[in-house]
Amino acid sequence: MSQLIDITLTVNDRSHRLSVSARQVLADLLREDLQLTGCKIGCDQAVCGACTVLVEGMPVTACASFAFEFDGKALTTIEGLAAGGVLDPVQRAFLEQNAFQCGFCTPGMILSVKALLARHPDADEPLIRQWLDANICRCTGYQMIVEAVRAAARAGAG
Amino acid sequence: MDDSPSPFRTPVIPLDGPDKVTGAARYTFDLSLPGMLHAKVLRSPHPHSRIRSIDARRAESLAGVAAVVTGADAVRLPDPYYGVAIRDQPVIAIDKVRYVGDMVAAVAAIDEETAYRALSLIEVQYEPLPAVMTVEEALADGAPLLFEAPAGGGAVLVGEGVISLKEPRPNVLSEFGYRNGDAEAVLAGSDHVFEDRFTFSRINHFHLEPYVNVARASSEQIELWSCNQDPFVLRNDIARIFGRPANTVRIHASYVGGGFGGKSFCKMEPLVVLLALKAGRPVRLCLSLDEGLLTLTKHAGVLVLKTGVMADGRLTARNSEIQLDAGAYADASAMTVIKAGYRITGPYRWAAVATRAYAVRTNSVPAGSFRGFGGTQASFASESQIDMIARRLGIDPYEFRRKNLLAFGDPFQPGDSGMDSDLLAGLDAVVDRLGYRRRAPPVAGTKRRGTGFAIGIKDGGGTNYAQALVKVLPSGRAIVNAATVEIGQGATTALCRIAAETLGLPLDWVRYGAIDTDHTPLNSGTHVSCATTVTGLAIERAAADALRQLLEFAADRLGCSTGDLTLVHWTVRQGNYVHSLEPMIDDYFGAGYEFIGRGGAGFAYDPAAPLGARNLFWIPSWVGVEVEVDCETGRVVVKHLVVGADSGTSVNAQACRGQVEGAALQAFGQSLFEELRYDGTEPVNATPLAYRVPLASDLPERYESFVVEHGGPGPFGAKGIGESGMLGVAAAIANAIEDAVGVRLTQIPFTPERVLTAIEGAR
């Protein structure tokens, strides 16, 4: 029987007290215990970035991180981005630029971009491309995503 | 070509967009049923072995394990095999395993951890057999046989006089033969004959949503929630395998997280049903991406083309022999090899053509559908050789193509439909964007620039069918019911837009209904870039049927004829009078009535067409590339990539662009680095950590795409575009490399090692 650890997490501005197994990864906690299924698991090896969530604003691959590591931390998932039903500028840019196809990578991609623009509001194309390397999209060919990031930057998403 | 303005010029917000940018989109991956168990699969470590025994007793007695399934369970099924046309793949290994990764046993348990632990308790005794890992080994005299007995099913149906054979000789799954005229005689009379050999690599689909299925099954009903893109194909396969009437099998589809062919046709789904039956509880099987890499690939292959040409640059005849590596099981290989064989001529005029194409069994991961479906292999070989011949004859590659291209309306082959794109116009667009005519003269030095282009081609399906319902509520809100699955191609938006336009309704009044084979009209599958065309036609007709009913109803109520009425934004206009429809409907029927329009589209077997159905539309791919080749390292950098396609009419221009660019980047990755590699009998990079797909930083410095609208047979002149970008990229890059450094790469990917070896070999 694996050991349970009591932790406190703030997820999308809501505080949760949870008992987690030492082996539970953050993605499973979010998806199964908190029903935040916008956190997708693709490769399950921290390669594809589909499971990306923000921890204190920093992108983290939730599939390969133990839940207990985030005790006391504030997390943002895709479900927490549209405050009061109003889309975040990054979400709006992805929507308007058609910067998704199957959509499986989209939550992680959007959160990753959110973190990028928070640090580099004027990110240029080389930096955008480099940053997006953490998130695989098999559908779009990336270019429309890069354009969405630029549109979000222009809209002051950072 | 139709010059009428498209009603679809205005960009739209995709209907699936709000769900997808907020995390609300539900995939099969996200489904959980009460009491649901989780399954895991034990896979073969051997490429080819007889299974002497399986002892699963320890696994079965592990706490939390509900069911263990092996070949002993599969063999008791009425028909435990699946595959497209030829059915040789067992629901789970029976007696033998045929590749590293073959499914040997499966466990359903309370959670994945328990299921994994149970797998480690299963003892399998193998008797290793010699393996054949390449097409050459498989075809050698006395080669070990993958199958000792004939498989079920039959050869793929083709037109009269065309050869399509099931298992014609040992280790050959299927054979395709096509002739038009006497190619040998025409070649003998040609001024030049060139023979070249091309080698194509194996890649994986790498869809980010893994293969995932949830089954609930009893003796009365089988219900499956599946990421599969072909709900009705799957329903019929499961009914056959389990010996059930098809109306007791129900398949649900949700959003699909990418497929690119990987999620077409039956695969591990019947295994999940078998587990659910044995466990008596719902079972979810979600494969890892590692397992996905062991489930299906694109076909590797060898293509040998013998092509004749006259001194004036006129192509005469092409005699081709194609061997595609089908891997261990049929999947869609018998169909793929036909398509590769038929498309090998490229979009050119020929006096004679002869093709033999074989799907060869090897002890490797099964190959099957992959965006392009044999067309990518054919276009790489054909468009490489066209360029090689032009350069050998000292003819400009553009002029050489221009001289030989099929003109608008020319049949691809006798009995088939005419070319429905202006191929030269597309090539001109590429050449212009590339600045080909203004290109700088070659510069000496270690980094050399070169330009190349290619015209890929494939057919857009033949015997496809679709039916649709359009339900219009009294409020004017409508639901479209059709079984084309939203896999990221933008079907939801395109198909609803067709219904909305036909009914004169705003797009956001129309919703794409959930798919479930009990309620959704029949569809032959989400295939062949055909959704907008075939399902689109069915929906257009269903919407027109609903419109007719509405106008007849209104004419009856208003005491006029339908010809006096038009429907505009859910009001009936009669001259200058505007009538509200909702109260008219409610007054007559009471609240809540719906008008249901029905429509269908199907294309019958035609023995006079080479492939048994005249091709519905052609999918050209125009590609131009500028590369920089480093002669010291062999590294190829694509500086500029131009990709063009023909949408007929774009129902959603942004989605068309996304299709073209997404497909082209997949082809770009395969051309330069992506490959599922084998070292001996084992795949060496079948894990996401080692398997490299294109990333954003791999994008060419300049990446341009364009979409022309040359008309098509679909609604409003649309045709399919989803596979186009896949077709011409590899050849265009090879052609640009030769232009830059004078060496020819005939094997993809064009790795630095291969390029450097070629450069050094030429010195």
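Modeller: With what counts as a contact: two residues are in contact if their C-beta atoms, placed from the backbone, lie within 7 Å. The model is predicted. By that rule, 41 residues of chain A are in contact with 40 residues of chain B.

Biologist: Which elements of chain A give two or more residues to the side that touches chain B?

Modeller: They are α2 (89–96), α3 (106–119), α4 (125–132) and α5 (143–154) of chain A. The largest share, four residues, comes from α2(A).

Biologist: What makes up that side of chain A by class?

Modeller: It divides into 21 nonpolar, 14 polar and six charged residues.

Biologist: Why is α18(B) called mostly covered?

Modeller: A residue is buried if 20 or more other C-beta atoms lie within 10 Å of its own. In α18(B), 13 of its 13 residues are buried, so the helix is called mostly covered.

Biologist: How do you know what span to expect for helix α18 (residues 729–741) of chain B?

Modeller: The expected span is 1.5 Å times one less than the number of residues. Helix α18 of chain B has 13 residues, so 18 Å is expected, and the helix reaches 18 Å from its first C-alpha to its last. After α18(B) comes B:Gly742, with a positive phi near 75°.

Biologist: Where do the C-alpha centres of domain 2 and domain 3 of chain B lie?

Modeller: They lie 39 Å apart. The contact takes 19 residues from domain 2 of chain B and 16 residues from domain 3 of chain B. On the domain 2 side, nine residues are nonpolar, eight polar and two charged.

Definitions and conventions: Residues numbered from 1 in each chain as written. Chains lettered and ligands numbered in written order. Predicted model: local features only at pLDDT ≥ 70, side-chain atom pairs only at ≥ 80, totals over all residues. Domains from an automatic or database assignment. Nonpolar A, V, L, I, M, F, W, Y, C, P; charged D, E, K, R; others polar. Buried ≥ 20, exposed ≤ 12 C-beta atoms within 10 Å, placed from the backbone.
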